[in-house]
Amino acid sequence: MVNRPPAPLEPNPAPGSPLLSVRGLSQRYALTRGLLRRPAGSVTAVDGVSFDVWPASTLALVGESGCGKTSVGRALLRLVEPSAGEAWWRPDPAAPAVDLLALDRRALRRRRPELQIVFQDPVASLNPRRSVGQTLGEPLYVHRGLRGAALEARVAALLGRVGLDPGAADRYPHEFSGGQRQRIGIARALALEPRFLVCDEAVSALDVSIQAQVLNLLRDLQRGLGLSYLFISHDLRVVRHLADQVAVMYLGRLVELGQRGALLDSPLHPYTQALLSAVQRPDPGRSGERIVLRGDVPSPMNPPGGCAFHPRCPLVEARCRIERPELRWVAGRQVACHLA
């Protein structure tokens, strides 16, 4: 395979090279109609998304429900086959990078241990008929060939790593709380010693106090194991706690991308400003004016022309309705807005 990874999007935000470079990622889903499921067009969930994830860092992907965040994570791991794009993977800076989206099934299977996912729903993501030991042991048996005492020892170590009783391997998912189930999901993702985790709304289904515990666990695991995260979330308070970089998505496209502090403290895109204005602040004296957006998110089946955000934007101009803005550098981050 030809080694032709792209240059980083940012000028040296971290030493070395990006662990994962995504360029032009798109995901379209076919639409059908009738009992015979005749083709009825397609809908674009992800439209030309590009970003970098650096070693031992977290890129948070944020936006309203339905903007395409989960589709980005699933397409990167090829849980669904992406329609277009590249995803250059560099686990070893001394070795050639590989495009994950171009690998055949056999080559992709060899790469699977390096990239894992933590699902949103800790109940639905665990098989209720399999014990925790069976759930954690299956990938170790399939990919590592572990069995017997060696397998049991590894399962116990995984449970201890995520703060659970190593003796709980014989218990079933319904015997655990929601937060404990999510810890089991994290342990399963760690079983094969990955370098990169997609955390798809990994704490949104948990109580606030449990969210903090799981977030602290993810941060400790990152520091101890050198993990990189694509952290998908709609909660900007959580993002501020965990992320190094933030990418804001709207209707399948990135509208703002930059370092956490600069983007969250001084957002440039009107959509990012509206999202941040809705975040509750602990200090009433610092509460700013709430930006209330008009209408609903347009349907991806019939997206508006020009800037996709223009039907709801409080600053819309005539140019916004005609010309679609591309990401460009403004004040140290990338923004897709004519007015920035």
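How many of the residues of helix H1 are buried? The count is 6 of 8, so that H1 is mostly covered, where buried means under 20% relative accessible area, exposed over 50% and partly exposed in between (1.4 Å probe, protein chains only). The buried residues are Lys69, Ser71, Val72, Gly73, Ala75 and Leu76. Helices (H or I, at least four residues) and strands (E, at least two) are DSSP runs, numbered from the N terminus.

The model is predicted, and local features need pLDDT of at least 70, side-chain atom pairs count only at pLDDT 80 or more, and totals for chains, interfaces and linings use all residues. Residues are numbered from 1 along each chain as its sequence is written, and side-chain values use heavy atoms, with hydrogens and water left out.

Helix H1 is followed by Arg78, a residue with a positive phi, near 60 degrees. Arg78 lies in the loop between H1 (69–76) and strand E4 (84–89). Its phi is positive although the residue is not glycine. With a relative accessibility of 12%, Arg78 counts as buried. A positive phi is also found at Arg37, again a residue other than glycine, with a value near 50 degrees. Arg37 is placed in the loop between E1 and strand E2 (38–53), and at 58% relative accessibility Arg37 counts as exposed.

Strand E1 (residues 20–33) contains Gln27, which is buried, with a relative accessible area of 2%. Contact is taken as heavy atoms within 4.5 Å. Apart from neighbours within four places in sequence, Gln27 is in contact with Val43, Thr44, Ala45, Val46, Ala75, Val80, Glu81, Pro82 and Ser83. Among these, Ala75 is one of the buried residues of H1. A polar atom of the Gln27 side chain lies 3.3 Å from the backbone oxygen of Glu81.

Ala40 belongs to strand E2 and is partly exposed, with a relative accessible area of 37%. When neighbours within four places in sequence are left aside, Ala40 is in contact with Leu31, Thr32 and Arg33. Ala40 and Ile117 are 77 residues apart in sequence, and their C-alpha atoms are 32 Å apart in space.

Helix packing is considered next. Two packed helices are described by the angle between their axes and the distance between the axes. Axes are lines fitted to C-alpha atoms, for helices over the stretch in contact, and angles run from 0 to 180 degrees between N-to-C directions. Helix H3 (residues 132–144) packs with helix H5 (residues 178–190) at an angle of about 20 degrees, and the two axes are 8 Å apart. H3 is therefore roughly parallel to H5 (angles under 35 degrees count as roughly parallel, over 145 as roughly antiparallel, 65 to 115 as roughly perpendicular and the rest as oblique). The crossing of H3 with H5 is right-handed; a crossing is left-handed if the near helix is turned anticlockwise from the far one by less than a right angle, and right-handed if clockwise. Val132, Thr135 and Leu136 of H3 make the contact with Ile184, Ala187 and Arg188 of H5. By class, the contact of H3 with H5 has 4 nonpolar, 1 polar and 1 charged residues, where Ala, Val, Leu, Ile, Met, Phe, Trp, Tyr, Cys and Pro count as nonpolar, Asp, Glu, Lys and Arg as charged, and the others, Gly among them, as polar.

H5 also packs with helix H6 (residues 208–225), at an angle of about 20 degrees and with axes 10 Å apart. H5 and H6 are therefore roughly parallel to each other, and their crossing is right-handed. On H5 the contact is made by Gly179, Arg183, Ile186 and Leu190, and on H6 by Ile210, Gln213, Val214, Leu217, Leu218, Leu221 and Leu225. The residues of the contact of H5 with H6 comprise 8 nonpolar, 2 polar and 1 charged.

Glu326 is located in the loop between helix H9 (270–277) and strand E11 (328–330). Glu326 is partly exposed, with a relative accessible area of 47%. Residues up to four places away in sequence not being counted, Glu326 touches Arg253, Val335 and Ala336. The side chains of Glu326 and Arg253 make a polar contact (3.2 Å). A polar contact is a pair of N or O atoms within 3.5 Å; within protein, one must be able to donate a hydrogen and the other to accept it, and residues adjacent in sequence count only if both atoms are side-chain atoms. The C-alpha atoms of Glu326 and Cys307 are separated by 9.2 Å, with the two residues 19 apart along the chain.
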